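This briefing covers the domains, the ligand shell and the nonpolar cores of the model shown below.

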Amino acid sequence: MSDIEKLENDLVVRIDAASTEAALEEVRVAALGKKGVVSERMKTLGKMSPEERKEMGPALNGLKTRIAEAIDAKKAMLEEAALDARLALERVDVTLPATALPKGKIHPVSQAFEEIAAIFSAMGFDIAEGPDIEDDFHNFTALNFPPDHPAREMHDTFFFEPKEDGSRQVLRTHTSPVQIRTMMSQKPPIRIIIPGRTFRCDSDQTHTPMFHQVEGLVIDRETHMGHLKGTLEAFAKAFFEVDNVGTRFRPHFFPFTEPSAEMDIQYERVGEEVRFGQGSDWMEILGCGMVHPNVLKNCGLDPDEYQGFAFGMGVDRLAMLKYGIPDLRDFFAADARWLEHYGFDPLDQPNLATGLSR
Ligand code: PHE
């Protein structure tokens, strides 16, 4: 065997043995690189006699071409194998059941919103929404807060810098301004709930500067306090998933309702657990009342023709009570482990037929 043949055999063995693109590149440099064995051999052509060169030239050129081709062929093979491996690895089996896939959790506040919406939509309520940034008119004045009334400050309101005309926008302190927006844009009968974010400058174990409310509003010709009680009692039973729950309506004051009340529900503490619908303790869960005639007038409705009721509840607290979550601030800590523990299955949509929360 000539030494060119030997060199070729040797290189072909090394090319065959290269199992990665990096290893193959090493062989290429060792053979065809500037200082590679084949390149070094090519350089010797210059010093040969014309006869020698006539023989060795084609032989070496042939060697160089065949080695380059062998390397290219092997490279194509390795690339194809790498692609096949990647396709096999990244393959998605579309026939797998969805529950086998890792998935996120629904935040307890979102879950509570969904449950509340399921309950009220079964009673024929629509959902209405409004802006987080409100003006004084919708957040206070139209809701019958007298001008310069201390209640504006009592709400721990976040005010924006005054505009040129002196008016100040606010972060809405409750969802009640959406009552006004709805009554000014729709004709009764009105039956809506208003889920949303609300803001007050307050922060401790049971208060966060941003929190969530669901407001309710019913306006019709003959809607009365009995409808309010019946609706809210039905809500309490459905939300806490008990057959019966005692309720108590305590007189209260809100500028926008008359009469006004706070609703308490019956509960008992058993160890760490709070059980609703039994025992002899009372827990306040919402504010409510008959819409004040001034509010109706402010929205262009005739109080001699229309009347109705409104209510507002704090969703974060309801979620804590129902799901047994001890600290409010954890709701907004964005802790994935907490959410993994307290969150809900995104594929279990709350509905009254199969149960609200499972
Ligand atoms: N807006 C009141 C609050 O935030 C709650 C409420 C709403 C009370 C509707 C009565 C009627 O405290």
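Domain bounds come from an automatic or database domain assignment. On that basis the chain is divided into domain 1 (3–89) and domain 2 (108–342). This is a predicted model, in which local features need pLDDT of at least 70 and side-chain atom pairs count only at pLDDT 80 or more, while totals for chains, interfaces and linings use all residues. Residues are numbered from 1 along each chain as its sequence is written, and side-chain values use heavy atoms, with hydrogens and water left out.

**Domains**
- The C-alpha centres of domain 1 and domain 2 are 79 Å apart.

**Ligand shell**
- Around the ligand are 14 residues (a heavy atom within 4 Å), of which His-174, Ser-176, Arg-200, Gln-213 and Glu-215 come nearest.
- Polar contacts are pairs of N or O atoms within 3.5 Å.
- A side-chain N or O atom of His-174 is 3.0 Å from a nitrogen atom of the ligand.
- Ser-176 places a polar side-chain atom 3.0 Å from a ligand nitrogen atom, and Arg-200 has one 3.0 Å from a ligand oxygen atom.
- Of the 320 Å² of accessible area that the ligand has on its own, the protein covers 90% (Shrake-Rupley method, 1.4 Å probe).

**Nonpolar cores**
- A nonpolar core is a set of buried Ala, Val, Leu, Ile, Met, Phe, Trp, Tyr and Cys residues joined through side-chain atoms within 4.5 Å; buried means under 20% relative accessible area (1.4 Å probe, protein chains only).
- The largest core has 45 residues, and Ile-116, Phe-311 and Met-313 touch the most other members.
- Another core, of 23 residues, lies apart from it and includes Leu-143, Val-178, Ile-192 and Cys-299.

Methods. Buried < 20%, exposed > 50% of the residue type's maximum accessible area, 1.4 Å probe, protein only. Polar contact = N/O pair within 3.5 Å; in protein donor to acceptor, adjacent residues only side chain to side chain.
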